[in-house]
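Reader: I am new to this structure and would like to ask some questions about it. Could we begin once it is in view?

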Amino acid sequence: MGDSKEAGAESPPAGAAARGGLSLLSQGESEESSAQGSALFLGGNEVKSRAVVKYSSAPPRTAFARLEEKTDLKLPPANWLRESAKLGPAGTTILGNSKKSKPFSSFGMAYDFIDSVGNDVDVVSDSENIKKLLKIPYSKSHVSMAVHRIGRTLLLDELDIQELFMRSSQTGDWTWLKEFYQRLIDQKWQRKKKSKEHWYQKAILSKFLYYSINGDGAAQPVPSAAEQQESSSSDQTNDADGASWPAPFEMPSSVSEDPSASSQENILTKSKKIKMRSLGSEPLEPSYIVGHVASAPKEQNLTTLFNDGENSQGLKNDFVRNILWTFEDIHMLVGSNMPIFGGGRYPAVSLRLRDNNKPINVLTGIDYWLDNLICNVPELVMCFHVNGIVQKYEMIKTEEIPNLENSNFSTKVIKDIAQNILSFLKSNCTKEGHTYWLFKASGSDIVKLYDLTTLCEETEDKYQNPFTMPVAILLYKVACNMMMKKNQNKKHYGTIRTLLLNCVKLLDKSRHPQIIASANYMLSELFQLDEPKKEESSESPLNENSDESYSEEEEEMPDSDENGSYSTSSDPSDDNKAVAIIKSVGELSVPEKYKSIHQIRPSCTFPVCHDTEERCRLVLSYVLEGLKSVDSSIKKESDLPAADPNTPIPLKYEDDSTRGGPEGLEKQMALFLDKMGSLQKGNYSSQSGMIPGSWQHKMKLQLILKSSKAYYVLSDAAMSLQKYGRALRYIKLALQSHDTYCCLCTNMLSEVLLFLSQYLTLCGDIQLMLAQNANNRAAHLEEFNYQTKEDQEILHSLHRESSCQGFAWATDLSTDLESQLSVSCKCYEAANEILQFSDLKSQNPEHYVQVLKRMGNIRNEIGVFYMNQAAALQSERAVSKSVSTAEQQLWKKSFSCFEKGIHNFESIDDATNAALLLCNTGRLMRICAQAHCGAGDEFKREFSPEEGLYYNKAVDYYLKALRSLGTRDIHPAVWDSVNWELSTTYFTMATLQQDYAPLSRKAQEQIEKEVSEAMMKSLKYCDVDSVSARQPLCQYRAATIHHRLASMYHSCLRNQVGDEHLRKQHRVLADLHYSKAVKLFQLLKDAPCELLRVQLERVAFAEFQMTSQNSNVGKLKTLSGALDIMVRTKHAFQLIRKELVEEFDQPKSDESTPAADSSPSLNREEVIKLLSIFESRLSFLLLQSIKLLSSTKKKTSSNTEEDVLKTNKQIYSQLLRAIANKNATLLERIDILIHLLDQLARGSGSGVQ
């Protein structure tokens, strides 16, 4: 009994189909491989028809047996109602075209071919319903069909009013429809019984078919009269009552197998299952509830969806074959039970029994023609009988059927009828999920369309509509199927969303929590949370597709108003309850009378979320609905009491000793890591009593994980907006969701662990930013404490499973800076620890590097915090006191943080940041040195060994930083900064040794040597040549170093006696360094006092040299040199004068004066002091010059010397008068000096060398 994919016949040779012939698809030819379908040509009117058998459970075709004339069909054949390999399951194949279809037959097909529903196919229905619709203009019989819209597909099912109302009188259901029917349509309705003639015709047809299949003569024993009677009555009952509304039906064969079913049914069911899995052209959806969305489980099947007691529905696809039939431009998925035989002129024929006394009419001809067209059968064999006695056989080609005598009809008209009916239905059946009723009363020409869902909603219980559940399930399955392909085509997101929303709208939350939870989860999955920065770009493709973005109103109204072919209530005689009316069936034959777009364009545009928060809020709203459905389905006596959603849930906090400060954090971190370790072993704990592996457990896990992701994205968005309080609130909710997930999870996935690491990393970032923005703490606290009703309800659902306190240590908003920094650090450490599990570190190298960078950064922040605290303690401490224990503890903490941070950066080869931390460690060493420098008596102050130790440590760290960087090219700014700090350290060390010489421990010469070496090293790392913002500082530092070295050598020269070689060396070095200091100070515009002081020291140096000279010529030469130095101080006086003038012009504009420029005015006392010294030294030099020149005049009479003497006397005279004038202002004194220096410069222009 092998199933086979079947076409009507073998394909004839190419070109064999001539005008008037029918070209056929080859057996097994798929829809995809056929570029051109079957085409029927009749009288110049072309009707295109193409049929592809998608599935068949019929046995291999056998030739029909020609019955001998005079065979009495009233007598039963030997094989009647017996099972046979040729028949397939008894009663399924052989009674095919006369068997009554079930009310949900289209749903069974739709479930099996879910890929076609909503997109490719216009209509899904039983072939009998299709034929009934196309015969409407020719037939006076009544038509009653249920119509449902799923995406772009219409599902048509027979709505047997008689059967329905018979049920209604027994059960009380559908009374509203019965009343409505009697009131508006047929006031005298009563059940019509089938005639004896009907049952007689069915019986002889059955016997005829059994005779025809048993033609090989292998007769079987005729059943006994009792068996025959029982079988016959059973067969009739099945035919009559097969549509038993809305009693529980059998399970769909594609969904589950019923172990209690008969072996015969199981054989059929299993064979169908096997065949369906092997179909290549139509992939079937796997049977599971959630669908493969994210990591949802696949192993669940749809069985549970139908086990809802009275609402379970029989949705089996029990057609012998399912055919994808394209009639003109209409694509239909049709179910057919017509028996197909071999044995004619073609490999496939249909067999019909006709009463010879009754001629074939148009209705019969259309019936036969459509059946053959749908099943791709090229020939009809008719057996004529009179009173059950066989008379003759006649063979007719399918394309000749429309031209039979008494049965002429136009295939073109049939095509127009099909197009008009489809357009009418598609234009008016617009609401997805609604049940529409297409009704034509017997003998009437008016066809009406009602919306039963709207009528039903006016009653008390909307779930009286038995179509509700099948429609909802189909909406769900189509959405599931499209979700599986969502990555291939995002333009369907709007359609999926509409399907799911309509599905949820149809279902009762208390009866179907599993589907509602799953649908809401899939709705949340439509919004991409992993692309938080691309809202506009990711959403725009969803709305660019024209097929998706039309609204219903835009499509429907123009069609209705423009054509005016049908109306809702324009005529008083019309039924105002009808959605639309066809006033005369004759209109259906008019070409394009109801022209409309064939593809429904539903209002299913995907919502454009303008920002991340809006998108996440939508996701959370669906997650909340899903959680409510799951929670409502968990029945447990000790269930948590209902919480008021408007009351915030009080959070349990540990006492201060366990949560306050770094020590408490250490304890909580240890507990957290223990928990993470236990998760690897699969521990499970749920307060609500959910069973691991149940659908509630799996669904809640997925929903909770989705909520944690949404809150994470919200937190990230708030972080980028600098709303740190809000960001902390969202990350707290994300971590609470994750904590609940951890409690429920039996096997932690590495992907989920990675999420947790990311959450903790973001939490660390937020805590750090809160620490750095302490001035806005009140606003952050207000944002943190705010909570929406939605968040409260989600949190309530989480509290059903766990206390949600696993991450409380990470999400508290502390007011203490140290605590915030510590929490931030612990977050990063926890994130790093998680990455050690399951080898996540190597799988996610980028995230690992980011975590280590953040760890290094936060440890640097904490180290700087402790270092600054130590410096503050040091500044508050009295000078004479020794270093406190608190300071030393802070140093240790700071040093430890820097050390760990350096290790973090070095482990990821981040040389720049490692260098910065080494630099900070060097600064810490200098603070330690300064702390020791303050200890002891200021009057007996000496440079201590501890200071030297710490300064040398600082130097070591700075040198390590330079080695870490390697070259300046890696990061010039950091390189320059480290060089500057190193130069400063050497300079400070040398200065302290020079100013507070440790003479009690070292000889003067050793100290001078160490000072000189330190100063030269400071110069080495002081870059005076590179143009930068720091260049003036470097020049000032270098000038100061040269000045100090010159002063030191000058002092050595004064105090040294004996070694003439050493004295000469000191003299040369002093002169050299004075010269270099002057050159550098002259480059600076804001150091005139320093320049003046250096020049005065040079003059003093010259004076000291003069004291050791004996000859007047030598002394005169030295004096000339000293006066020349005096003349060169003019530049310094000009700078001072400029500052004084600016200060005088803007006496009250200190704010606008740069600090560097105002330095002379701030050092006015120093200027006066230096000015007085300068005046005294200049007068001394001039006096000595006059004396020496006067004494040499007696011996030599040089005109030049006389001029110099004369000039010097004049200048000396003016200088003495200026000094004597006590009323002169500072500016006037400087002006006089500048004038005198000008004269001196001119007078000594050819002075003595």
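Author: Two strands count as paired if DSSP finds at least two bridges between them. The model shown is a predicted one.

Reader: In what order do the four strands of the open sheet come?

Author: The edge strands, each pairing on one side only, are β8 (340–341) and β11 (389–397). The pairing in the sheet is mixed, and the order is β8-β9-β10-β11.

Reader: At about what angle to β9 does helix α9 run?

Author: Helix α9 is made of residues 362–374 and lies across β9 and β10. Its direction relative to β9 is about 165 degrees.

Reader: Why does the span of helix α12 agree with what it should be?

Author: Helix α12 has 17 residues, 468–484. At 1.5 Å a residue they should span 24 Å. That agrees with the distance between the end C-alpha atoms, because these are apart by 25 Å.

Reader: How many of the 17 residues of α12 are buried?

Author: Buried here means under 20% relative accessible area. By that cut-off α12 is mostly covered, and the number of buried residues is 16.

Terms used
Residues are numbered from 1 along each chain as its sequence is written. This is a predicted model: local features need pLDDT of at least 70, side-chain atom pairs count only at pLDDT 80 or more; totals for chains, interfaces and linings use all residues. Side-chain values use heavy atoms; hydrogens and water are left out. Helices (H or I, at least four residues) and strands (E, at least two) are DSSP runs, numbered from the N terminus. The expected span of a helix is 1.5 Å times one less than its number of residues. Buried means under 20% relative accessible area, exposed over 50%, partly exposed in between (1.4 Å probe, protein chains only). Contact means heavy atoms within 4.5 Å. Axes are lines fitted to C-alpha atoms, for helices over the stretch in contact, and angles run from 0 to 180 degrees between N-to-C directions.
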